[in-house]
Amino acid sequence: MKKEIPYKIYLEEQEMPRQWYNVRADMKKKPAPILDPRTLKPITLDELSGIFCRELAKQELDDTTAYIDIPHDIRSFYKMYRPSPLTRAYCLEKKLDTPAHIYYKFEGNNTSGSHKLNSAIAQAYYAKAQGLKGVTTETGAGQWGTALSMACAYLELDCQVYMVKCSYEQKPFRREVMRTYGAKVTPSPSMETEVGRKINQEFPGTTGSLGCAISEAVEAALGQEGYRYVLGSVLNQVLLHQSIIGLETKAALDKYGIKADMIIGCAGGGSNLGGLISPFAGQMVRGEADYEIIAVEPASCPSLTRGVYAYDYCDTGKVCPLSKMYTLGSGFIPSASHAGGLRYHGMSSTVSELYDQGYLTARSVDQTQVFEAAAMFAKVEGILPAPESSHAIRVAIDEAIRCRETGQEKNIVFGLTGTGYFDMVAYQRFNDGNMTDYVPTDEELKKSFASLPKTE
Ligand SMILES: *Cc1c(COP(=O)(O)O)cnc(C)c1O
């Protein structure tokens with residue numbers, strides 16, 4: 001007899017994964033190497049160790065080791081909020097009157113409110129282990145900065161955050177959480193760095209972008225003894241740390257003999273999606289199983305669905321290594337009316353390569369539709385979702401409705417990356433009926449593609 005599936009599938013503490021999984025090790029065709037922005041040659045471990053701490057630089061370049069041990073101290077920290085539950089969305093299924101079974105992996109059960117803490121603690125740990133004084137970083141909506149502030153406070157590392165100016169102004173409470181954890185928060189572009197001053201001069205009144213905040217944070221790290229730069233998404237090392245999401249999801253499904261048919265995740269820089277799908281994509285590339293994987297991105301920042309697959313700068317100031325990825329061009333700045341996060345111009349090179357090889361598909365959705373899905377989810381499942389997460393909710397709901405129409409009993413799994421308590425300005429705009437959808441024109445994208453570097 002089949003076990004009845006509970007609302008929440010919990011793993012025991014001892015069932016939490018002891019190793020992260022690196023899907024690149026199993027990919028036959030690997031993602032292209034990252035390049036030095038000056039020489040355009042693949043970057044070496046020594047060069048990369050100037051920006052990132054050594055162990056993270058190693059992880060960044062490692063495409064042969066499939067399983068990497070999670071250090072004991074990181075596991076101990078994880079235990080404060082992990083394993084995270086996999087929830088069967090019985091109430092949402094009922095509301096939609098669908099034969100589909102919907103599951104979501106909830107990563108918002110910690111103060112930072114998102115999955116980002118999974119990588120923040122790992123990055124802070126390796127910085128501390130190397131004897132560094134502190135780290136610098138950028139943050140967009142603020143979740144990454146919050147997560148990093150928490151991790152640094154725990155390990156007593158200094159934390160300096162460059163926060164995209166429009167978020168700094170729109171999300172004062174996020175800023176104060178970071179400061180409560182002891183971080184120094186600076187709105188970006190600032191006048192404190194050379195690149196910040198340059199961008200301010202070129203684009204007076206700009207509300208900033210992630211690419212520009214990254215450049216500032218890198219400059220700040222390079223200019224201070226004992227500091228390194230850390231990044232909350234896009235990088236291989238971040239996908240590696242986030243693989244804990246997918247590994248736990250798979251372990252929970254396996255516990256009840258559930259085979260996922262469809263796996264859905266929102267995609268900004270690709271870290272939660274990459275982490276969620278890693279073990280499943282690993283089975284696919286090894287030819288062991290098949291899944292329908294869908295990446296969901298905002299129509300206002302559509303790197304997978306409308307971008308080009310090319311080497312690009314990861315930051316506006318062009319100081320970071322070049323990465324081959326689906327990109328809108330490093331000069332792309334999403335419309336100020338765009339509220340839902342996921343603002344980065346490019347996509348993780350691993351997710352990009354898996355997408356290019358056909359292991360996943362991508363969809364873009366308008367933000368009003370995203371907030372409609374968010375409101376429905378909040379009402380029936382009780383959790384107020386982050387706007388980013390709600391991109392995945394939107395497509396999960398669309399697919400569950402399709403199952404109702406076709407009578408298919410699919411198992412739909414999606415990543416619920418976080419909570420939306422700090423996004424009430426965006427929710428307010430939606431509730432007041434003032435939210436608009438902005439989709440960039442082909443002309444605008446063409447202009448932005450013109451900034452792509454010539455690597456041939
Ligand atoms: C940062 C963030 C995302 C998007 O980042 P990815 O690297 O694409 O995962 C999604 N959801 C939440 C709640 C976030 O904080």
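Let us start at the largest pocket, where α7 gives the largest share of the lining, 3 residues. Helices here are DSSP runs of H or I with at least four residues, strands are runs of E with at least two, and both are numbered from the N terminus. Before going further, please keep in mind that this is a predicted model, in which local features need pLDDT of at least 70, side-chain atom pairs count only at pLDDT 80 or more, and totals for chains, interfaces and linings use all residues. Residues are numbered from 1 along each chain as its sequence is written, and side-chain values use heavy atoms, leaving out hydrogens and water.

The largest pocket has a volume of about 640 Å³. Its lining counts 46 residues, and A141, G341, L342, R343 and E388 are the ones nearest its centre. Two or more lining residues come from each of β6 (134-139), α6 (143-155), α7 (165-170), α10 (210-222), α12, α16 and α17 (424-431). Sorted by class, the pocket lining has 16 nonpolar, 24 polar and 6 charged residues. In this sorting, Ala, Val, Leu, Ile, Met, Phe, Trp, Tyr, Cys and Pro are nonpolar, Asp, Glu, Lys and Arg are charged, and the others, Gly among them, are polar. As for how such spaces are found, a 1 Å grid is laid over the protein atoms alone; a pocket is an open set of points with protein on both sides within 12 Å along at least five of seven lines, a cavity is a set where a 1.4 Å probe fits but cannot get out, and lining residues have an atom within 4 Å of a point. Points are joined across faces, edges and corners, and a volume is the space filled by probe spheres set on them.

Now for the ligand, which sits in this largest pocket, meaning that more than half of its atoms lie within 2 Å of the grid points. The elements giving two or more residues to the shell around the ligand are α12 (271-285) and α16 (387-406). The ligand is surrounded by 18 residues, the closest being K116, S233, G268, N272 and T417; a residue counts as near if one of its heavy atoms lies within 4 Å. By class, this shell holds 4 nonpolar, 12 polar and 2 charged residues.

The protein covers 95% of the 380 Å² of accessible area that the ligand has on its own, by the Shrake-Rupley method with a 1.4 Å probe.

The largest cavity has a volume of about 140 Å³. Of the 14 residues lining it, I34, E60, L235, C314 and S323 lie nearest its centre. That lining has 10 nonpolar, 3 polar and 1 charged residues.

Finally, look at the backbone. Most residues other than glycine have a negative phi, and most peptide bonds are trans. R82 and P83 are joined by a cis peptide bond, with omega about -10 degrees, and P83 is in the loop between α3 (72-78) and β4 (86-88). The bond from S188 to P189 is also cis, with omega near 5 degrees; P189 is found in the loop between β8 (184-188) and α9 (194-202). L40 has a positive phi, near 60 degrees, and lies in the loop between β2 (19-21) and α1 (45-48).
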